[in-house]
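Here is a short report for a reader new to this structure. Please look over the sequence and the model before reading on.

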Amino acid sequence: MTRNKILTSISLLFFFILLSLSVSFAEEIRIGIEPDNFFTTLRAQSFSGKWQLQLFKKTATGTIVVTEDILGGEDAVLMLIPKGIIVRMSSLKNLDEGYDSAKIVGGELLNLELPQQSPRILQGKLDITILDKEQLCIVNTVNINNYTISCASSEIITCEPEAAKAHIVAVETKIHYLKSHSKHPDDPFDVCDGKHCVVYPGTGSNRELIELLYPTISNHLIYYKDKLIFPRYHHTCGGKISSAKDVYGLNNEPYHPSHSDLKDNKGSENCFHSPSFHWTLEIPIATIEDFLSLEFAGGASNVFTKSEPIKVNNDGRILMVRILGRKIKEIQGIEFLEHLHNFYGINSIKSMRYTIEKLRRSMLVRGMGEGDGVGMCLYGADGLAKKGMNYKEILNFYFPGTTLK
């Protein structure tokens, strides 16, 4: 073996030791899996490692605990019926006692399947409980390092290492902020797996680039005046970043100001290469009333037939929308965008930075950017990395006045 090969082997060994140590000592976080979806059955299959299913039932004399191994390739189907949770094992063993709760622990990779949902590969452990006596509640507990890698991997749009580092730091900061400022104070988990918190598809979507970069910047969090921030980021700003005050009406996020997405205020916009920098969409006029009726109407006395922007900021983003009909309703532009996505799909109107041209039977929507336009533009970060900025400079550009600790 040559000297270069020996040095390479030593470097790789050191990297994996560093990665394993960072994972071993990380704190844990509890993620609610599909908490807004109603389901009474799930399938758990061992992909690797020896998993153990633990079932619990309270009785007058104590708690009964039953355990079953789920070996590689085997699975267990848990179903909720009136008397509690029952189990069908792939080994053909049935557990029909009716249990109050269950845990799945001990293995390495587990495939979780829920009705009408894509399968997801998970690590850590699962806690399954009964919610309101009629549906299952699943909580996946993992260490924050693995969770950060999975969440960042699901959102990443860049192959530039410095842009990816900036994204990882923003994701990890957001996770730590949500853990200490939970949006689910009354639930048995810290965060959920949807856009309400951070999208979490499980470890099966992990990107190698994120796994390689994470140990080099783990535990770097973003602070403003010694306080952890809630970092906002989006797909594409279209050349203009808007403030959190404008879009969300928030006065307590000065690290989210309005500014142009230009390096040194010259040249092309940092996200100009994004496929969502400019976009167009044609919407049949006949669907508008259906959209307003299904998304906003509340009975025959509250039917809406038309909408119009009533407040637009200097960046061209619609901040407030008025909905007209028998009654008048006014809502924030960002909320209106969520309703548009619910009805037309997330790939329809991509942002609230658009104009409308009325045609004979349709409306031509011309827009710029994708997302809320607040905080770090992910395509802009990619562009800044291509222009030579490192991840610290990128974060300072999008979150001015902040520091890394």
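Is Asp 193 buried or exposed? Asp 193 is buried, with a relative accessible area of 9%. Buried means under 20% relative accessible area, exposed means over 50%, and partly exposed lies in between (1.4 Å probe, protein chains only).

## About the model

This is a predicted model: local features need pLDDT of at least 70, side-chain atom pairs count only at pLDDT 80 or more, and totals for chains, interfaces and linings use all residues. Residues are numbered from 1 along each chain as its sequence is written, and side-chain values use heavy atoms, with hydrogens and water left out.

Asp 193 has a charged partner. Its side chain meets that of Arg 120 in a salt bridge, 2.9 Å from N to O. The term stands for a side-chain nitrogen of Lys or Arg within 4 Å of a carboxyl oxygen of Asp or Glu. Asp 193 lies in the loop between β13 and α4, and Arg 120 in strand β10 (residues 120-122), so the pair ties together parts that are 73 residues apart in sequence. Arg 120 is buried, with a relative accessible area of 8%.

Salt bridges link Glu 34, Arg 120 and Asp 193 in a network. Helices (H or I, at least four residues) and strands (E, at least two) are DSSP runs, numbered from the N terminus.

## Other salt bridges

The whole structure holds 18 salt bridges. One of them pairs Arg 43 with Glu 113, with the closest N and O atoms 2.7 Å apart. Arg 43 lies in strand β2 (residues 41-48) and Glu 113 in strand β9 (residues 109-113), so this pair ties together parts that are 70 residues apart in sequence. Arg 43 counts as partly exposed, at 23% relative accessibility. Glu 113 also counts as partly exposed, at 28%.

Lys 50 forms a salt bridge with Asp 69, and here the closest N and O atoms are 3.5 Å apart. Lys 50 lies in the loop between β2 and β3 (51-59), while Asp 69 lies in strand β4 (residues 62-70), so the pair ties together parts that are 19 residues apart in sequence. Lys 50 counts as exposed at 51% relative accessibility. Asp 69 is partly exposed, with a relative accessible area of 32%.

## Strands and sheet

Six strands form an open sheet. Their order is β7-β6-β5-β2-β9-β10, and the pairing is antiparallel. Two strands pair if DSSP finds at least two bridges between them. At the edges stand β7 (94-99) and β10, each with a single partner strand, so one side of each is left without a neighbour in the sheet. Neighbouring strands of this sheet are turned by 25° against each other on average, direction ignored. For that angle, axes are lines fitted to C-alpha atoms (for helices over the stretch in contact), and angles run from 0 to 180 degrees between N-to-C directions.

Strand β6 (residues 84-89) pairs with β7 in the antiparallel sense over three bridges. Val 87 stands opposite Leu 95 in β7. Strands β3 and β4 run antiparallel and are joined by nine bridges. A hairpin connects β3 to β4 through two residues. Leu 55 stands opposite Val 66 in β4. Five bridges join β3 to strand β8 (residues 101-105), again antiparallel. In β8, Lys 103 is the bridge partner of Gln 54.

## Aromatic rings

What describes a pair of aromatic rings? The distance of the centres and the angle of the planes describe it. Rings of Phe, Tyr and Trp (its six-membered ring) pair if their centres lie within 6.5 Å; planes under 30 degrees apart count as stacked, over 60 as edge-to-face and the rest as tilted.

The structure holds eleven aromatic pairs. The rings of Tyr 147 and Tyr 200 have centres 5.1 Å apart and planes at 65°, so this pair is edge-to-face. Tyr 147 lies in helix α2 (residues 144-155) and Tyr 200 in the loop between β13 (191-192) and α4 (208-217), so the pair ties together parts that are 53 residues apart in sequence. Both Tyr 147 and Tyr 200 are buried. Phe 343 and Tyr 344 also form an edge-to-face pair, at 4.8 Å centre to centre and 80° between the planes. Ring pairs link Phe 291, Phe 296, Phe 336, Phe 343 and Tyr 344 into a cluster.
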